Amino acid sequence: MALRVSLTLALIAAAACHSAPAFARDAVISIPATTLDVALIELARETGVEIMSTEPGLRSVRTRPIQGHMSVRTALGQLLQRTGYRARANAGGYRIVRVIAKSAARSRPVASPNPPPGPDIVITASKQRIPLLRYPGSLTVVGPLPVRPWQAAENMSDMAETLPILQGTQLGAGRNKIFIRGVADSSFNGSTQSTTSLYLDDVQINYSGPDPGLRLYDVRSIEILEGPQGTLYGAGSIGGVIRVSSNPVDLSKIAGSFAGGVTLTSGGATGFDTAGMVNLPIAKERFGLRAVGYNIRDGGYIDDAGRGSRLVNSSDTVGARLALRLDPGGGWRVEASGTGQRIDTRDAQYAETVEGPLTRRSRIAQPFDSDLLFGRVVVSKTWGSGLRFFSASGIVGYRSTDRFDATPRAGAGGAPTMPTIYTANRSKRLLSQEARLSRSMSGGNSWVFGFTLISDRDILTRSLGSPGNDLDIIGVTNVTKAASAFGEATVGLSPRLSITGGARVTLARTDGDPSSAPRSTNFVKGRSTRRLDPTLALSWQLAPQLALFARFQTGYRTGGLAVAPGVGRVADYQPDEIRVGELGFRKLRAGPTGLAVSSSVSLARWSNIQADLINRRGLPYTANIGDAKIETIEGNVDWIPVVGFRVVGSFLLTDNTVSGPIADLSKRDNRRLPETPPFAGHGGVSYQWRTGQVEPQIGLTTDYVGRSVLGTGDLLDVSQGNYWVVGLSANLRWKGIDFSFLGNNLTNSTANRFAFGNPFSLSYRDQATPLRPRNLRLAVGVAW
């Protein structure tokens, strides 16, 4: 049966990722002995390169195992040796064709230049093998990323600055929230479940609270699925899902890399970053390990006039990851990995406009620290029929401490008061288990079904008082347990039209308790939730590289117990839900050069929105604030007029209106969701070429973020955003060594990214989180 195998990358929005074409890059490849069709599927999955064929007989050909760090061209050569097939470069990837003897070719009639297409197969975060062209929804894939970390490792908050579909807060690494496509609940961190689910290698690493700020060293790709994704990912994916895939263990050879850089900030402290990776095959082609370690110093650039301290907001991040891999044979694979990271921030990164663009005045330091521990075990097997079994078990432990200066500001001529400090400690533990079966078949048909178990415990403790003499005030503990079964299938109604449908059934319970005895017992200790989250979508291929898609899906977040307004009170908050419909098109490039473009429009109805808020005294609380309607238009353009030269652009237009207790009592212009600028855009140009053994590359980027507000209502109608950022990059690769230069904020703008840093002085409405001043990074990396 004819089979067409393909894996196509979505548009890469960050110009820093523009380098050699994906099919020209080396990658870590490990494919067991199997049939040729399955081997090609696995090669496409591991490398992110489109591989297609309309030839019959692939399933009847056996292949040998291949292991190692090699190019896709080399891997294909090994797979296809003595099979009767060969690889032909085509459309930025490869087409597998049958080798025909010359004499036979002369006697045969000429084949049609446009053979009927076969079913595309794509490995994506959709958990089904659906090609990008036929995927019925909006998604972005960044990668494959270079194995050699010549750039400073970003976290997801850094990446959000160049991807318009992502928005976020700017409290600092480990404290930032990430939002997708304008589904933003709050600028503050509290008890609510996250709107965006973050996954590391198929295991969820967050449930409630902010993005943990994991540094993205030795990462293969990042997939962003716009939400909701309630059918496949369950609660907490109402905005979408971000999946970070690390580079796998190479079982064929010893390999390693090292990178180091120095960052100079105008008027600020010097920063540095170092990272190393080592790969060891302990039993060749059977068992091996891969270890990564890194240490980063982000230099400060904020002064504190009240304490006479300069450059107070420096931050240190230290982390490591260890991965083990066992390939026992027969298509089985066992992977285990562990990650640890610590963030230590000396002081807050906000300024007060009355003191200057990079200065504030406070009585005491406001440090932050966090620790993340993560472990996973994955067992998978792929059969020659296309059937795949997958099981992932994960455990996440997270601890953080926030400190804020709660000292009242002294009036003109007033005597200084005793310093007051507010401390919030969080402790989280997340256990998860997912098992699923999936299969891709001819005619574009595929299916997946499975189950998920979740157990999450979130403990918040708080204290308030003078340093060394603070008193405990009430916090909350929430324990959520959920079990769900899900299934989704894609059916090809015709060679050009396919329909996707599915549902997820969830049973969940959340129990909340005060962390100390409350003054009021007016709360609900337990809450049970029963949910059915359906999805319905279709894809209609209008031309060989052009398709329309439509999608409808729902999602929700669980309720729980939270701190209420005032001191010593708790209150119950309800679940919320969202319904989203979208319509769009996607045009892929037909060759190594040309134009790729995609766009979509969406409408979301968000009901009973959960939000973490603060009152006028600066104390936190959580409430359901009402309903919202969110309208968006997004677009991506990726143009390669000649090989090596690339122009990219992306944008998000969004409009939203909130109705509810807070919004209805506010001015009409103050009824918006937080962190949602009406327009955000990214543009970039890059050029890469080769001169002998030298590969230079240069790039220029520009980003615009429109005006947004801190939150819904008159109290939080504080302006932020409305700025441009320009960056320049240059890289020179010679043999196994990379030399790089990266300049950011070249115009030295001091614009306000985020109008919040300290809840206890927010009512003065003079806080600003300025952009890091003009900064330059020089780095070198080596790999072997």
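**Ground rules.** I am working with a predicted model, where local features need pLDDT of at least 70, side-chain atom pairs count only at pLDDT 80 or more, and totals for chains, interfaces and linings use all residues. Residues are numbered from 1 along each chain as its sequence is written, and side-chain values use heavy atoms, with hydrogens and water left out.

**Entry 1: strand β39.** I began with β39, residues 679-688. Strands here are DSSP runs of E, at least two residues long, numbered from the N terminus. I looked up burial, which means under 20% relative accessible area; exposed is over 50%, and partly exposed lies in between (1.4 Å probe, protein chains only). In β39, 7 of the 10 residues are buried.

Next I looked for partners. Two strands pair if DSSP finds at least two bridges between them. β39 pairs with β38 (residues 645-659) in the antiparallel sense, over 9 bridges. On the other count, 9 bridges join β39 to β40 (residues 694-709), again antiparallel. β39 and β40 form a hairpin with 5 residues between them. In that turn, Gly692 has a positive phi of about 65°.

**Entry 2: a three-stranded sheet.** I found an open sheet of 3 strands in the order β21-β44-β43, with antiparallel pairing. Its edge strands are β21 (351-352) and β43 (752-754), each pairing on one side only. β21 is joined to β44 (residues 767-770) by 2 bridges. There Glu352 stands opposite Gln767.

**Entry 3: nonpolar cores.** A nonpolar core is a set of buried Ala, Val, Leu, Ile, Met, Phe, Trp, Tyr and Cys residues joined through side-chain atoms within 4.5 Å. The largest has 43 residues. Met156, Leu166, Ile222, Ile224 and Ile242 touch the most other members.

I listed contacts for Ile224, taking contact as heavy atoms within 4.5 Å. Leaving out residues up to four places away in sequence, Ile224 touches residues including Ser138, Leu163, Ile180 and Val241.

Entry 4: Ala783 lies in strand β45 (residues 775-783). Ala783 is 525 residues from Phe258 in sequence, yet their C-alpha atoms are 6.5 Å apart. Is Ala783 buried or partly exposed? Its relative accessibility is 24%, so Ala783 counts as partly exposed.

**Entry 5: salt bridges.** I counted a salt bridge where a side-chain nitrogen of Lys or Arg is within 4 Å of a carboxyl oxygen of Asp or Glu. The structure holds 47 of them.

Arg307 bridges to Asp304, with the closest N and O atoms 3.2 Å apart. Arg307 is partly exposed at 27%, while Asp304 is buried at 1%.

Arg403 and Asp369 meet at 3.5 Å, N to O. Arg403 is in β24 (residues 387-405) and Asp369 in β23 (residues 368-382), so the pair ties together parts 34 residues apart in sequence. Arg403 is partly exposed at 25%; Asp369 is buried at 11%.

Lys428 and Asp458 bridge at 2.7 Å between the closest N and O atoms. Lys428 sits in β25 (residues 421-440) and Asp458 in β26 (residues 446-466), so this pair ties together parts 30 residues apart in sequence. Lys428 and Asp458 are both buried.

Last, I noted one network: Lys177, Asp185, Arg557, Asp576 and Asp612 are joined by salt bridges that share partners.

How values were computed. Helix = DSSP H or I, 4+ residues; strand = E, 2+ residues; numbered from the N terminus.
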